[in-house]
Every structure is written in structure tokens, then in C-alpha cells.
Amino acid sequence: MREARILIIGAGIGGLTASIALRRRGFEVDMIERDPAWSVYGVGIIQQANVIRAMTELGIIQDYLEAGFGFDYVDVFAPDGTHLAQVPSRKLVDAYPANLGIARPALHEVLGRCAQAAGARIRLGVTATSLSGGDEVHVEFSDGSAGRYDIVIGADGLNSTTRAQLFPDAPRPQFTGQGVWRHNFPRPASVVSLHAYAGSLGMGLVPLADNLMYLFLTTPEPGNPHYARSGLARAMRDKLRDAAPAIAAYADQIADDDAVVYKPLEWIFLTGPWHKGRVVLLGDAVHATTPHLGQGAGMAIEDGIVLADELARAAEPEEAFAAYRARRFERCRYIVEQSKAIGDSQLGLLPPVDQAKATREMFEVVAAPI
Ligand SMILES: Cc1cc2nc3c(=O)[nH]c(=O)nc-3n(C[C@H](O)[C@H](O)[C@H](O)COP(=O)(O)OP(=O)(O)OC[C@H]3O[C@@H](n4cnc5c(N)ncnc54)[C@H](O)[C@@H]3O)c2cc1C
């Protein structure tokens, strides 16, 4: 399959890392991205040792580390601010930190630059309007152009239109009952690791760079209310009233509606096939998780590496797609289910989960080779 021409739909975290993995194997890669501005929202993301290992394998580890803030342990606090524990994080690559906090725009810049340097061609403001064919996929694009590809990868996220085209009867993303409020702040010298607060509201501080961190607060959101952009700062300040005092103290600095990022939490996991013919799905398009274990992007990144690996060794795409799903299925299902269970316990739907124990167990799963 090494001569295959591949189209990736969606130039987000999963699509871009897949393009780098595929280019390293010698495949020709075109990408299309719906957003003409190719923008990402401004807060950050936590990535753990399996992602550090994946970035090393992709050959982009130095650029990646320079763009974020590495740390080797997690500090756990009680809601009253008592420091309960400093939990060391295991490394999977000795030379590098165990975890990285990174601003989403910084991650996007590194991945976009490295994908293009690797030879992926990216067209912005374009979607696929139809996918058809047998031994190759005939693609019609929204800008009126068309192309023929050996393989198409749908990496178009939680609300994937590729998934809807392939599997119109597939389940839709489900709201979990929680939402997450996030906001960037200047990083105080004391925040050099993830500060996680125990309790029924998930909350904490994540270092992103020398001068930057973000605050997150996970709240019950019965009925999945819509929050208009106008008034978001006030809404987040209100939500922070019930937060641990050390977190609530940041409320005074929240004044700009545009600086608040609110997301209702949704999940999806496809238990049926992940491909149809020569079109295959990866990342949130096939397994979107809540952020309670900080692994959604990690799973998308690992998907691309495994898919490239299987395509490089298989004679036929469908053989590679089946092997790819077999290698990814249980790991991704575990992350989706365990993350959701933590959220359900915060909502009182399940008994309380010991988050430190859940994180240790999760690490055993993701430390295994991909
Ligand atoms: C509140 C919250 C916090 C999170 N925190 C973390 C964390 O700390 N650590 C972690 O690992 N993960 C985290 N995640 C999960 C992580 O953001 C996702 O798992 C990850 O972004 C999935 O990558 P993806 O490439 O599959 O999808 P996306 O990143 O959503 O990328 C999809 C891309 O496809 C484009 N697109 C969509 N439709 C089309 C179309 N029809 N045609 C062309 N392009 C299209 C989009 O514009 C986008 O660029 C969090 C998620 C949430 C909601």
C-alpha cells in the first residue's frame, strides 16, 4: 500500500498527527479543513507520557516540548486548599518530562508546521461533499473540485460528517450532564505541575508556558443549557462561587466574555465497524471521551500512528483497517468508559471514584505499547 494516495478530512490534532505518521511511511497525503481560518480556541490541554512517547515516534518531540510546559508529578489538594499528595507521574521516555501542559494554539502551530514540513498538502475552507466508488474513492469537494484517492480518513471530530455519511444509523454524541469552564491566566511561580482539587466539582490549574496557565472547572449542567457568548464571564464567575477558595480566587480576573471557553461534555464510541470500503475514521470521529483522564487527544494521536503502521504493512486497505481497529478498540473503549464513570461519580450517579487510583490504572493501560 506504500504508493497509496490518501485524503484526510479534518486538520485537527488527530488529522495532523496522522498526516505526519503517514508521510514518514512515504504515503502521499492531501488534507482538507473546513475552517477557513484554521483556528483553535485559546485554552490548553494536558498530555501524558503516552503522548510524549508518540511525539518522539513522530520525530517532532523537540518542537512539541519547546511549545509547552513539562512536569513530572501531580499535586492534589483538598477543596479547603490542604495539600494532600504529590503523585509522581511515570515516564515512558526517560529523556523527557512525564507530562506536558500545552496551549491549544501552540500545539496547533507545531502540528500544522510539522505536517506541512513533512509534505502534507492542506487546503483550508474545504469539505468533502460526496465520497463514492469501489477500488478508489471519488471525492467531490465543496469548492467545486474533485479528486481520486486510494484511501480517505475521516478525522473530522466529534460531530464528524464523514461518520454520518458512512454510518447514518450510528449513535450520535451524548451529553453527559457536565460542562467545563476554562480560562487562561498568567502562571504564578507556584504552579509548576497540574494542581488537581478533590471533590465533586472537578477543578484545577494547568501550567502551559513560563507565563501562562489555565484554570478548569467541571460543573453539573442539568438540561444542557446554552450559554450565549455575551455574559459568559459573569456566568463563569457565578460558577466559581462553589469552587475551592484557591480556585474561586481567580474569579475577580474574569471580565472578558471572549476569554471564557465553555464546553458541554459529550461522548461517543462506535462499537461497530470503524471503516466502510476505503474510508476509515479516527480520533473523536469514532471515540470521543470526556476530559476526566486527559486522554482524548492522546487516543487520536495514537490512532494515526497505528493506522500508518498497519497501512504500511498490509496488502489491502481493508486488511489494514481491521488490524487498526483491533489494536485500538479496547484501549479507546477503556478511556471513554472510565472517563465517563468519573464524571458520573462527580454527578452522584455512581459511588465516588478515587481519581489518583483511576489515573494509576489508566496509566497501566496507556503505558502498554500501542
Ligand atoms: C473540555 C475538554 C477538555 C479536553 N482536554 C483534553 C486534555 O486535557 N487532554 C487530551 O488529550 N484531550 C482533551 N480533550 C479531548 C481533545 O480535545 C480531543 O479528543 C481531540 O481534539 C480530538 O482530536 P480530533 O482531531 O479527532 O478532533 P478535533 O480536534 O475536533 O479536529 C477535527 C478537525 O476537523 C475539522 N472538521 C470538522 N468537520 C469537517 C469537515 N466536514 N470537513 C473538513 N474538516 C472538518 C475541524 O474544524 C477540526 O479542525 C478535551 C476535550 C474537551 C471537550
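**A walk through the sheet and its helices**

Let's start with the open sheet in this predicted model: 8 strands line up in the order 6-5-14-15-16-13-17-20, and their pairing is mixed. Strand 6 (83–88) and strand 20 (287–288) sit at the edges with a single partner strand each, so one side of each has no neighbour in the sheet. What holds such strands together? Strands of a sheet pair through backbone hydrogen bonds, either parallel or antiparallel.

Now zoom in on one pair. Strand 13 (residues 174–185) and strand 16 (residues 212–220) run antiparallel, and 8 bridges join them. One spot to look for is Trp181, whose bridge partner in strand 16 is Leu217. Lying across strand 13, strand 16 and strand 17 (261–269) you'll find helix 6 (residues 232–239), which runs at about 100° to strand 13.

Next, a pair of helices. Helix 1 (residues 13–24) packs with helix 2 (residues 49–58) at an angle of about 40°, their axes 10 Å apart. That angle makes helix 1 oblique to helix 2. Where they meet, Thr17, Ile20, Ala21 and Arg24 come from helix 1, while Met55, Glu57 and Leu58 come from helix 2. Sorted by class, this contact has 4 nonpolar, 1 polar and 2 charged residues.

Finally, find His108 in helix 4 (residues 104–117). Is His108 buried or exposed? Its relative accessibility is 14%, and buried means under 20%, so His108 counts as buried. Leaving aside neighbours within four places in sequence, His108 is in contact with Ala11, Leu16, Trp38 and Val40. Take Trp38: His108 is 70 residues from Trp38 in sequence, yet their C-alpha atoms are 9.2 Å apart in space.

Conventions
Residues are numbered from 1 along each chain as its sequence is written. This is a predicted model: local features need pLDDT of at least 70, side-chain atom pairs count only at pLDDT 80 or more; totals for chains, interfaces and linings use all residues. Side-chain values use heavy atoms; hydrogens and water are left out. Helices (H or I, at least four residues) and strands (E, at least two) are DSSP runs, numbered from the N terminus. Buried means under 20% relative accessible area, exposed over 50%, partly exposed in between (1.4 Å probe, protein chains only). Contact means heavy atoms within 4.5 Å. Axes are lines fitted to C-alpha atoms, for helices over the stretch in contact, and angles run from 0 to 180 degrees between N-to-C directions. Angles under 35 degrees count as roughly parallel, over 145 as roughly antiparallel, 65 to 115 as roughly perpendicular and the rest as oblique. Ala, Val, Leu, Ile, Met, Phe, Trp, Tyr, Cys and Pro count as nonpolar, Asp, Glu, Lys and Arg as charged, and the others, Gly among them, as polar. Two strands pair if DSSP finds at least two bridges between them.
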